[in-house]
Each structure stands twice: as structure tokens, then as C-alpha cells.
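Please keep the sequence and the picture at hand while reading.

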Amino acid sequence: VDLIGAASPEQRLRMITNITPDIITRIGSLGMVYLEKKQYRRAEAYYNKAIEFINELYGKGAAVLPAATALINQGANYRHMKRYSDANQCYTEALDIYRQLSKGDDTEDIAKTLYNQGNNYHCMKRYSNADQCFTETLAIYRKLSPRDDTVDIANTLNNQGVNYRHMKRDSNADQCYTEALAIYRKLSQGDDTVDIADKLYNKGD
């Protein structure tokens, strides 16, 4: 099946009859193309079709990496559509899969999903839930990188600071911004970047 031919996106999806891992990957990639083009409804259709085919190929609810990937991407798409409850459901299902696959170990995929879910909870104004996600994210990133100086840690600290600010926990927010700034400055090696300027703005310095 030609997934990038002259047929409309909807027609292309209906033409698919032979489900293979490669076809699923290609459908997901086209979903990403539409997401980047801000054609969110078409992206949704492709991600839904990828999830449908994954369920047919591996079994509904199977803990397989393609399912987690499709759910994460669909979650991001729903966030852009401001369908935060749907996004949250996607992140929750993806997180469950990653945890099953990791067999109890903390992984970067789990941390990234928690981070995304934390941002989504923040958009929903569920600040306590967001705080819990960011706290779990930081614990995993710090466990995976004992040096405590990665951009992922800094970004999480910054977003947790923003979340604390909305919770009116200003002293906690300031602590997060201070720690994030220290990491950004270390990583920039003395070059004052836009990121550092943005974080100083958040901090109020």
C-alpha cells in the first residue's frame, strides 16, 4: 500500500489490509508528520489506526513497545488539541506498559512519560498530581545520572518550579529555579543562553 500517494489520508488508511510492524511504524511516522503540521485531527486518525493495528497484531492490551510509543505520541497530539483528559489516559496506559517492560527497573522512558504527564496535569490545573509526577521524574533521572547535572533534570526542576508557583509554594518554586539555573549555567559553560534568561525570568531575578 502506498501510504504517501495521491489518495487522501482517510483513503490511505482504508486501503491498508496487510498489518505488519513496518506498516505500523509508517503509520505512526505519518501521524508525526501531521502533528508537526498542526493537522491534529489527521494525526489523531493515524495514531488511532496504529493503535488499532497494534492491538490486532499483538493482542489488545499487550505490553509492547510500539503500543507505548503510539500512546505517547497520541497523548502529545491530544495535548495540542487541549484534550487533556484523553492525553492523560494515553500517558497512563503508556506508563503501565513501560513499567511492565522494565520489570521493576527505573528507565528513561518511564521518566519521560511521567514528565509529560506532569506537564499535562499542570495544564489541567491538577497541580498536586503534577508535583507528584515531577518528583518521581526527578528521582529517576537522578538515579540514572548521579552527577545531577543533565538538561532533563534541569527542565524538570524548572517545570516543577512553575507548578509550585501556581500552588503558591513560592519558597519551593525558588529552590527549584535555583537548582535548575545552576545546572543550565554548568551546561552552558559560561555562555548566557536564552534558556538561562528564560529561567531567570521565571525566578524573578
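## Where helix α3 ends

Helix α3 is followed by G59, a residue whose phi is positive, near 105 degrees. The model in which this is seen is a predicted one. Helix α3 itself covers residues 40–58, and its 19 residues reach 26 Å from the first C-alpha to the last, which is close to the 27 Å expected at 1.5 Å a residue.

## The chain as a whole

The secondary structure of the protein chain comes to 10 helices and zero strands, and from the N terminus on the order of elements reads α-α-α-α-α-α-α-α-α-α. Of the 205 residues in the protein chain, 42% are buried.

## The buried side of α3

Which residues of α3 are buried? They are Y40, A43, E44, Y46, Y47, K49, A50, F53 and I54.

Y40, which has its place in helix α3, counts as buried because its relative accessibility is 18%, and the cut-off for burial is under 20%. Leaving aside its neighbours within four places in sequence, Y40 is in contact with L35, N77, H80 and M81. Y40 and Q74 are 34 residues apart in sequence, while in space they are 9.6 Å apart, C-alpha to C-alpha.

E44 is also found in helix α3, and at 13% relative accessibility E44 counts as buried. When its neighbours within four places in sequence are left aside, E44 is in contact with Q74, N77, Y78, M81 and R83.

## Two pairs of packed helices

Two packed helices are described by the angle between their axes and the distance between the axes. The table gives these values for two pairs.

| Pair | Residues | Angle | Distance between axes |
|---|---|---|---|
| α4 and α5 | 65–80 and 84–102 | about 160 degrees | 8 Å |
| α7 and α8 | 127–144 and 151–166 | about 160 degrees | 10 Å |

Helix α4 and helix α5 pack at an angle of about 160 degrees, and α4 is therefore roughly antiparallel to α5, since angles over 145 degrees count as roughly antiparallel. The crossing in which α4 passes α5 is left-handed. On the α4 side the contact involves L65, A67, A68, T69, L71, I72, Q74, G75, A76, Y78 and R79, and these meet Y84, D86, A87, C90, Y91, E93, A94, I97, Y98 and L101 in α5. Sorted by kind, the residues of the contact of α4 with α5 divide into 15 nonpolar, three polar and three charged.

For helix α7 and helix α8 the angle is about 160 degrees, and these two helices are therefore roughly antiparallel to each other. The crossing of α7 and α8 is left-handed. The contact is made by Y127, A130, D131, F134, T135, T137, L138, Y141 and R142 of α7, together with D152, I153, T156, L157, N159, Q160, N163, Y164 and H166 of α8. The residues of the contact of α7 with α8 divide into eight nonpolar, seven polar and three charged.

The buried residues of α9 are A173, C176, Y177, A180, L181, I183, Y184 and S188. After α9 comes Q189, whose phi is positive, near 55 degrees.

The phi of K38 is near 65 degrees, which is a positive value in a residue other than glycine. K168, in the loop between α8 and α9, is exposed with a relative accessible area of 72%. The phi of K168 is near 60 degrees, again a positive value in a residue other than glycine.

Notes
Residues are numbered from 1 along each chain as its sequence is written. This is a predicted model: local features need pLDDT of at least 70, side-chain atom pairs count only at pLDDT 80 or more; totals for chains, interfaces and linings use all residues. Side-chain values use heavy atoms; hydrogens and water are left out. Axes are lines fitted to C-alpha atoms, for helices over the stretch in contact, and angles run from 0 to 180 degrees between N-to-C directions. Helices (H or I, at least four residues) and strands (E, at least two) are DSSP runs, numbered from the N terminus. Angles under 35 degrees count as roughly parallel, over 145 as roughly antiparallel, 65 to 115 as roughly perpendicular and the rest as oblique. A crossing is left-handed if the near helix is turned anticlockwise from the far one by less than a right angle, and right-handed if clockwise. Contact means heavy atoms within 4.5 Å. Ala, Val, Leu, Ile, Met, Phe, Trp, Tyr, Cys and Pro count as nonpolar, Asp, Glu, Lys and Arg as charged, and the others, Gly among them, as polar. The expected span of a helix is 1.5 Å times one less than its number of residues. Buried means under 20% relative accessible area, exposed over 50%, partly exposed in between (1.4 Å probe, protein chains only).
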